[in-house]
Amino acid sequence: MSLRGKAAIVGIGEVPTRRIHEGRTMYGLCAEAAGMAIKDAGLKKEDIDGLVTDGVALPPNMAEYFGIKPNFATGVSMQGASGATATMVAASAINSGICKTALVVMGNSREDADRAGRPAGRGASGPSIRSEWEEPSGMAPGANTGYGLIYRRHIHEYGTTEEQLAKMAADQRFNALENENAVFHGQPITKEDVMNSRYINEPIKLLESVMPCDGAAALIITSPERAKTLRNKPAYVLGVGLKQGEANIWQRDRFTETPAIDSVRKALEMAGYSPGDIEFAEFYDCYTILAAMCIEDAGLVEKGEIGPFYESTNTTYEGDFPINTDGGQLSGGQPGLAGGFRHVIEGARQIMEKAGSRQVQKNDLCLVNG
C-alpha cells in the first residue's frame, strides 16, 4: 500500500536546543513543543486523536500530561531514525483511518536523565545490547570508535580526505548561524577550525561530532483533505522507506555502506521520483562520516565521491544543493532521539516556507533521512 500524498504535515513546533534547559523536564519540554505545533496548525488540543512519541516519553504519560485521550497512541524507538519512523507511523495511522490528526513529539532533558539514572536520550532499558565480543573488551563507550573505524575505512577505499568532510561541518555551521533554535546560533566556524579541533576518535574531530543537548520538537500531521482547510501550506508525505541495519558494525558486509541504500530507494519509488529530482536534503548527522555515506547511498552522489562533492558544492541554504539547512545535529544539537527528528521538522519548515532568512530557493521536494 502506498502512502503517496495520503498525509500532510500542517504544523511544527521546536523548543530551542540548548546545552541544558535548567529546571525543565522532558515532559515539560515536549508539552511546550506540542503546544507550538498545535497553535501553528491553527488547531486545538481537542482536535488531536493520534499520538506518537519516541518511546522514551511513554505515550500514556505524555497523553495524560497533555490532557488528551487519543484513539491511536504508540512509542517508536528506532535510535536516530525515531523521528522519521514516527512520522511514517503517524502517516500510516491516518491513511488507515485509525486517527484523523496526529501529534508526533519527542524531546530530551539531561537533568531528567540524571534523576532517572539513565543515559540522556535513551529508553528505560539503558544502552543497546551488544554482542559477547564487544561488551567485555571494546568498543569504547559511545559511538565514536565505531564511526572512527568507518571513517578510516572510507578514506582507505575512496581516498576521502579529512579536509573534505571538514567542509561539510563548516557548511552546516553556516546554516545554524541565523537559526535561533540551534545550540550554535551565531557562532561561526571555518573549515580550518574543524581541522584544528582535537581528535575524539581519529580521524573524527570534535567539530565533526554531535553535542548532546536539551530540547524538543513536534509536528501535526493529518489527512490531505483536512490539510486543505487549514492555514499553513502543507508538507505532503510522498514516499517512505525503512531498512533495519545491524546493531554491531562488524557484522555488516561492508563498513562503508548504510541501510539508506534500501530505505531511500523504497521511498523514492513510492514517491515516483529519482535522486536527481531532489532539490534539498536533511540527513542524519551524528558524525560527518555517517551523513556522508548516507548521501552517497541515497544516490545523490556516486559512491566514493562525497569528498569531491563537498569540495566543489555549496551545501548551505544559499547554495547549489542545500543540506541540513538548520545546521543539522552537528551545529543544531542533538536533544536525545529528537536529534534525528529535527531533520523532519526542518524539511517540513522549508516546504511550508517558514524558514525566514534560511529559506531555500527551490523547496518543492525534500529528501529526509533518519
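Predicted model: local features only at pLDDT ≥ 70, side-chain atom pairs only at ≥ 80, totals over all residues.

How many of the 15 residues of helix 7 are buried? The answer is 12, and the helix is thus described as mostly covered. The buried residues of helix 7 include Glu162, Gln164, Asp171 and Arg173, together with Leu165 and Met168. As to its length, helix 7 covers residues 162–176 and, at 1.5 Å a residue, should span 21 Å. Its end C-alpha atoms lie 21 Å apart, in agreement with that expectation.

Six strands form an open sheet with mixed pairing, in the order 3-2-4-7-1-8. Strand 3 (72–75) and strand 8 (235–236) are at the edges with a single partner strand each, so one side of each has no neighbour in the sheet. Strand 8 runs antiparallel to strand 1 (residues 8–18), and two bridges join them. In this pairing, Ile9 stands opposite Ala235 of strand 8.

Helix 3 (residues 82–96) touches strands 1, 2, 3, 4 and 7, and its direction makes about 165° with that of strand 4. Helix 14 (residues 338–351) touches strands 1, 4, 7 and 8, and its direction makes about 130° with that of strand 1.

Finally, I draw your attention to Asn369, placed in strand 10 (residues 366–369). Is Asn369 buried or exposed? Its relative accessible area is 5%, under the 20% cut-off, so Asn369 is buried. Its side chain reaches the backbone nitrogen of Tyr284 at 3.2 Å. Among the other residues that Asn369 touches are Ala260, Cys294 and His343.

Terms used
Residues numbered from 1 in each chain as written. Heavy atoms only, no water. Pairing = 2+ DSSP bridges. Helix = DSSP H or I, 4+ residues; strand = E, 2+ residues; numbered from the N terminus. Contact = heavy atoms within 4.5 Å. Axes fitted to C-alpha atoms, helices over the stretch in contact; angles between N-to-C directions. Expected span 1.5 Å × (residues − 1). Buried < 20%, exposed > 50% of the residue type's maximum accessible area, 1.4 Å probe, protein only. Polar contact = N/O pair within 3.5 Å; in protein donor to acceptor, adjacent residues only side chain to side chain. Lists of a residue's contacts leave out its neighbours within four places in sequence.
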